[in-house]
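Welcome, and thanks for taking a look at this one with us. Please keep the sequence and the model open side by side as you read.

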Amino acid sequence: MASLAILRRPAVFALALLAAAATAWAAAPSKPNILIILADDMGFSDAGCYGGEVATPNLDALAKGGLRFTQFYNTARCWPSRGALLTGYYAQEIRRDTVPGVISGGRGIRPGWAKLLPEMLKQLGYRTYHSGKWHVDGKPLQNGFDHSYDIEDHNHNFNPQNLFEDDQKLPPVKPDSGYYTTTAYADHAIKCLQEHAAKYSDQPFFEYLAFTCPHFPLQARPEDIAKYRDRFRKGWDVLRQERWQRLSSMGIVDCALSPIERSVGPPYAFPKDVALLGPGEIDRPVPWADLTDVQRDFQATKMAIHAAMVDRMDQEIGRVLAQIKAMGAYENTIVLFLSDNGASAEMMVRGDGHDPSAPPGSAKTFLCLGPGFSSLANTPFRRHKTWTHEGGIATPLIVEWPKGIAARGELRHTPGHLVDVVPTLLDIVGGKRLDTWEGQPTPTPPGRSLAAALAKDITIPHPSIWWQHEGNRALRVGDWKIVAAGEKSPWELYDLSKDRGEQNDLASTQPERLKDMAAQWEKQTEEYRALALKDATPEMKSKAGKGKKEAD
């Protein structure tokens with residue numbers, strides 16, 4: 001009878017479990033828990049705490065209780081960023097972005113010495129959990145995670161067809177089931193945390209929560225879209241000015257607003273797909289005033305769906321944080337939030353196609369943000385995802401750790417890159433990489449620990465920060481950056497201390513600096529290629545360049 005009474009009082013029973021877990025957590029080891037939250041195709045300034053219009057109270061609270069980095073970078077694309085984030089190496093070094101002469105990029109297989117962060121943390125007693133997008137070679141449980149929920153279907157948010165739990169395939173999700181990917185990822189993270197509190201409270205945890213939003217297709221719950229139905233009708237020109245003013249007043253940027261490049265459209269041309277989307281679609285960021293009423297309505301609706309996806313992600317982040325607080329573990333949990341690349345100007349139709357008669361943002365539609373409102377999402381910078389101009393590679397980075405970071409609501413201006421995350425976390429938790437692999441020294445990673453910058457707004461020196469993706473390339477040394485859009489484009493040179501909007505090209509006035517930096521980029525590129533080829537099998541080399549292009 002007593003057990004039946006408990007079952008009739010699920011809320012009381014749940015509270016009792018949480019109270020017991022919180023009590024048990026008091027005896028937990030001192031190593032901090034780690035929560036990495038990764039957004040997918042979210043622009044630099046989409047979140048409210050980075051000047052955006054989207055309601056992100058949970059991200060804003062993290063920023064208020066911790067730090068916002070103003071010059072943090074990713075790799076400009078999905079799978080290279082995930083490889084860099086989880087290994088601490090540039091993606092080309094580990095064959096996770098294209099390297100001539102060897103299978104690489106999305107099909108690339110990491111060298112044996114390129115271990116992932118969960119494998120490093122398990123040596124220190126961590127339990128490790130993955131919830132969300134994977135897009136790394138191998139399977140999660142084969143690479144150090146104790147539990148995983150992975151959706152390998154990037155065309156459906158309401159009814160994905162290819163999904164896995166603990167590396168085992170699950171049945172496809174039925175249409176109209178009430179399922180939504182962003183919520184499902186949070187549900188899995190919470191399930192892992194609840195199990196952790198019940199069974200492993202004497203161990204620290206690492207939760208890697210990798211959302212697939214606001215990546216296309218733009219699909220969101222109707223109640224979330226309704227919040228933003230009319231919010232973006234001013235258009236990208238006016239709203240970029242307003243965002244830039246907020247960013248400037250926050251002290252996040254100190255540069256002029258880059259003008260929209262009206263002739264720059266999607267990085268890949270799919271004109272037939274664009275035509276399928278009807279008279280409201282347009283593949284160039286022309287002046288808002290030049291659009292028809294139909295085009296303005298369609299474009300504002302797409303941005304409303306993008307905002308709704310970010311809004312929902314923030315809501316689900318709030319649920320995960322609430323679970324950690326209920327466990328009594330929040331004070332000693334390091335939380336990092338960032339994005340894998342800038343907002344996307346891509347435009348295509350995939351999956352089940354696009355039904356123009358269906359409500360925009362519903363399961364039967366396939367919409368992409370496009371270059372107009374992607375320019376808003378990446379304010380105040382130039383270009384978009386895939387490019388190595390600032391708009392493609394700049395990410396928000398929020399870090400909070402109540403027990404370990406005394407600063408509250410402060411900015412950090414040191415440049416940093418995804419390759420810095422692993423050395424920073426290992427520095428904090430007292431871990432280390434493998435020194436040798438199969439009797440040989442492991443390659444020196446390019447990243448630097450940013451742990452000292454968590455305590456004080458100081459610059460952590462990097463010899464350089466390097467980029468290459470699909471012919472787009474860049475190098476940052478101190479405040480100077482060279483960048484080129486495409487293999488045949490000439491280098492541009494910018495002083496980022498004054499010009500992060502990349503408007504004043506100094507290539508012609510400082511040719512010696514440009515020459516030296518270009519030579520350094522070439523040198524590093526050859527070093528990374530040599531490393532990628534060093535232990536590649538003959539099969540990897542013989543099949544280089546074959547196979548279909550990776551989709552993200």
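The model is predicted, so local features need pLDDT of at least 70 and side-chain atom pairs count only at pLDDT 80 or more, while totals for chains, interfaces and linings use all residues. Residues are numbered from 1 along each chain as its sequence is written, and side-chain values use heavy atoms, with hydrogens and water left out.

**Nonpolar cores**

- A nonpolar core here is a set of buried Ala, Val, Leu, Ile, Met, Phe, Trp, Tyr and Cys residues joined through side-chain atoms within 4.5 Å; buried means under 20% relative accessible area, exposed over 50%, and partly exposed in between (1.4 Å probe, protein chains only).
- The largest nonpolar core holds 80 residues, and Leu59, Met313, Val320, Phe337 and Phe373 have the most contacts inside it.
- Helix α10 (residues 293-326) supplies the largest share of this core, 14 residues; helices (H or I, at least four residues) and strands (E, at least two) are DSSP runs, numbered from the N terminus.
- Apart from this core lies another, of 63 residues, with Leu67, Phe69, Leu116 and Leu425 among them.
- Beyond its neighbours within four places in sequence, valine 320 is in contact (heavy atoms within 4.5 Å) with Leu35, Ala186, Ala189, Ile190, Leu193 and Leu209.

**Helix α4**

- Helix α4 (residues 78-87) is mostly covered, with 10 of its 10 residues buried.
- Its buried residues include Trp79, Arg82 and Leu86.
- Packed against the buried residues of α4 are β1 (33-39), α5 (117-122), β7 (205-210), α13 (421-429) and β14.
- Just after α4, glycine 88 takes a positive phi of about 85°.

**Arginine 500**

- Look for arginine 500 in the loop between β17 (492-495) and α15 (511-534).
- Arginine 500 counts as buried because its relative accessibility is 7%.
- Its side chain reaches the backbone oxygen of threonine 70 at 2.7 Å.
- Setting aside neighbours within four places in sequence, arginine 500 is in contact with Thr70, Gln71, Tyr73, Cys255, Phe381, Glu390 and Ala394.

**Isoleucine 458**

- Isoleucine 458 sits in the loop between α14 (451-455) and β14 (465-469).
- With 29% relative accessibility, isoleucine 458 counts as partly exposed.
- Thr414, Ala452 and Ala453 are in contact with isoleucine 458, leaving aside its neighbours within four places in sequence.
- The C-alpha atoms of isoleucine 458 and leucine 193 are separated by 34 Å, and the two residues are 265 residues apart along the chain.

How values were computed
A polar contact is a pair of N or O atoms within 3.5 Å; within protein, one must be able to donate a hydrogen and the other to accept it, and residues adjacent in sequence count only if both atoms are side-chain atoms.
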